Every structure is written in C-alpha cells, then in structure tokens.
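Please examine the model shown here and follow its chain through loops, sheets and ligand site. The paragraphs below take these in turn.

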Amino acid sequence: MSFRSVFLGPPGAGKGTQALTVASGPGVLHLSTGDMLRAHVSKGTELGAQAKGFMDAGQLVPDALIIAMVEERLGGEGANSWILDGFPRTIPQAEALDQSLQAANASLTHVVYFRVPNEALMQRLTGRRTCGDCGAIWNVHTKPTQTEGKCDACGGSLTHRSDDRPEAVSQRLEAYDKQTKPLLDFYRSKGCLVEIDADRSPQEVSQELSDALAKEVC
Ligand code: AMP
C-alpha cells in the first residue's frame with residue numbers, strides 16, 4: 001500500500017530512526033527537513049547560511065524558508081509513498097502543506113505522533129551520535145556502537161550534532177512545546193492522528209508503526 005505520512009513528535013522521539021527503517025523499503029521517500037538543512041549548511045548554500053544561526057541556537061528556522069525548501073522537493077519527486085520527518089513544525093507550515101497537497105489533488109494518509117515523556121528526551125538527545133556516511137543513528141547511553149566513534153553498520157565516523165548539546169536541547173524542547181505541540185490538536189481535529197508510545201525499544205515502536213501505516217486514517 002502507499003502512504004503519505006507526517007511523523008510528529010519532540011526532538012529525540014525516534015522519528016528519524018523509524019523513518020530510516022520504513023524508507024529502506026522500495027519506493028518510499030524520506031524527507032527530513034533537519035537533514036536537508038544540515039546538507040545546506042555543510043554545502044555552504046545561501047539557505048544554509050540563513051538557517052545555521054537558528055539551528056545552533058535550537059530555534060526554528062523561519063516558516064517561509066522551510067516551506068519553499070519542502071515544496072521544491074515534494075513537487076519534484078514522483079515517489080508513491082513519502083514520510084515527512086520534522087515537517088510541519090508550526091501551524092503555518094501545516095496550512096501550507098495542506099494547500100500544496102490540495103493543489104496536487106493529494107492528501108495525507110497518516111500523521112503519526114511519537115509520544116515520549118520530556119525526562120527521557122534529554123538523555124536521548126545528548127547521547128545521540130549520527131554516522132556521517134550512512135546516516136545511522138546511535139546513542140552512547142542506550143545504543144552504543146562496538147567501537148567508540150565508529151558506525152557498526154558501515155564503519156563511518158560518528159558525529160555529535162552541535163544542537164544536541166544540553167543548552168541547545170533545552171531550547172529545542174521549548175520550541176517544540178510552544179510551536180509544534182499545537183499541531184497535535186490541529187491533526188487530531190481532522191481525524192488524522194495516530195498515537196504511538198515511543199518510550200520503548202526501536203523494535204517495539206517499529207512493529208506498532210508498521211501496523212499503523214497499514215491502514216489509512218485521514
Ligand atoms: P531536526 O533534525 O528535525 O531535529 O532539526 C534540526 C533543526 O533544524 C531544528 O532545531 C530547527 O532549527 C531546524 N528545522 C528542521 N525542521 C524544521 C521545520 N520544519 N521548521 C523550522 N525549523 C526546522
């Protein structure tokens with residue numbers, strides 16, 4: 001079956017890890033606005049330069065920049081199924097997404113909410129390490145690699161995101177509470193929200209997620 005899903009939840013909830021697993025199947029496009037922005041920053045594009053200060057401070061990048069970036073990608077892709085990971089993060093972004101989907105005669109099939117209590121997030125985020133080569137996500141506390149600093153999957157070097165340091169993490173959690181949490185009611189009122197207890201092992205979450213994606217809810 002095909003799906004067009006938004007993955008919603010606080011930073012560190014495991015949206016990226018789960019999206020990578022789902023998108024390892026054929027024909028599934030995984031669009032992470034965080035990854036897209038980090039690619040712009042490392043390539044030194046104008047968008048990267050505009051976004052970097054907000055990202056390092058743990059703040060959201062202005063809506064207009066994000067919306068233009070996502071519309072360009074979604075418009076150009078012919079994938080059957082896609083996951084938006086980390087977008088939308090504000091009500092104006094959600095409204096812009098609705099409008100582009102309507103214009104393309106399409107609609108969402110699911111909005112999956114990965115629920116994790118705040119106390120668990122700080123440890124998940126500050127311990128997170130990402131492989132610079134294959135994108136696999138590890139954690140020094142909960143999912144360590146066999147050799148420190150090296151990816152078990154591909155041997156690439158692990159990086160510690162600059163916004164996973166404690167000061168930026170507090171800001172990101174605050175931005176989530178103020179700007180992103182209102183999306184839960186926005187999508188709940190449209191009958192689109194599927195809630196998953198994500199304070200469990202990635203395997204347990206993955207099982208519940210594939211059951212959830214098997215039936216359209218919107
Ligand atoms: P993430 O990798 O999803 O945690 O995103 C990392 C950072 O990129 C966020 O803290 C924001 O600064 C920025 N960002 C990612 N997605 C968005 C979005 N949809 N709206 C605004 N800022 C975003």
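N105 is found in the loop between α5 and β4; helices (H or I, at least four residues) and strands (E, at least two) are DSSP runs, numbered from the N terminus. The phi angle of N105 is near 60 degrees, a positive value in a residue other than glycine. Another loop, between β3 and α5 (91–103), holds P88. The peptide bond that joins F87 and P88 is cis, with omega of about -5 degrees.

This is a predicted model, in which local features need pLDDT of at least 70 and side-chain atom pairs count only at pLDDT 80 or more, while totals for chains, interfaces and linings use all residues. Residues are numbered from 1 along each chain as its sequence is written, and side-chain values use heavy atoms, with hydrogens and water left out.

Consider next the sheet of five strands. It is open, its order is β2-β3-β1-β4-β8, and its pairing is parallel; two strands pair if DSSP finds at least two bridges between them. The edges are formed by β2 (28–32) and β8 (193–197), each of which has a single partner strand, so one side of each is left without a neighbour in the sheet. From one strand to the next, the twist averages 20 degrees; axes are lines fitted to C-alpha atoms, for helices over the stretch in contact, and angles run from 0 to 180 degrees between N-to-C directions. Strand β3 (residues 81–85) runs parallel to β2 and is joined to β2 by five bridges. Within this pairing, H30 stands opposite I83 in β3.

Helices pack on this sheet. Helix α1 (residues 15–22) touches β1 (4–8), β2, β3 and β4 (110–115), where contact means heavy atoms within 4.5 Å. The direction of α1 makes about 165 degrees with that of β3. Helix α9 (residues 202–213) lies across β1, β4 and β8, and runs at about 165 degrees to β8.

There is also an open sheet of three strands, with antiparallel pairing and the order β6-β5-β7. Here β6 (137–139) and β7 (158–159) stand at the edges with a single partner strand each, so one side of each has no neighbour in the sheet. Strand β5 (residues 128–131) runs antiparallel to β7, and two bridges join them. T130 has T159 in β7 as its bridge partner. Helix α6 (residues 118–126) lies across β5 and β6, at about 40 degrees to β5.

Which residues are the closest to the ligand? They are T33, R38, Q59, G86 and Q93, among the 16 residues that surround the ligand; a residue is near a molecule or strand if one of its heavy atoms lies within 4 Å of it. Helix α2 (residues 33–43) gives the most to this shell, with four residues. By class, the shell has six nonpolar, five polar and five charged residues.

Individual atoms can then be examined. A polar side-chain atom of R38 lies 3.0 Å from an oxygen atom of the ligand, and a backbone N or O atom of Q59 lies 2.6 Å from an oxygen atom of the ligand. A polar side-chain atom of Q93 lies 2.9 Å from a nitrogen atom of the ligand.

Methods
A polar contact is a pair of N or O atoms within 3.5 Å; within protein, one must be able to donate a hydrogen and the other to accept it, and residues adjacent in sequence count only if both atoms are side-chain atoms. Ala, Val, Leu, Ile, Met, Phe, Trp, Tyr, Cys and Pro count as nonpolar, Asp, Glu, Lys and Arg as charged, and the others, Gly among them, as polar.
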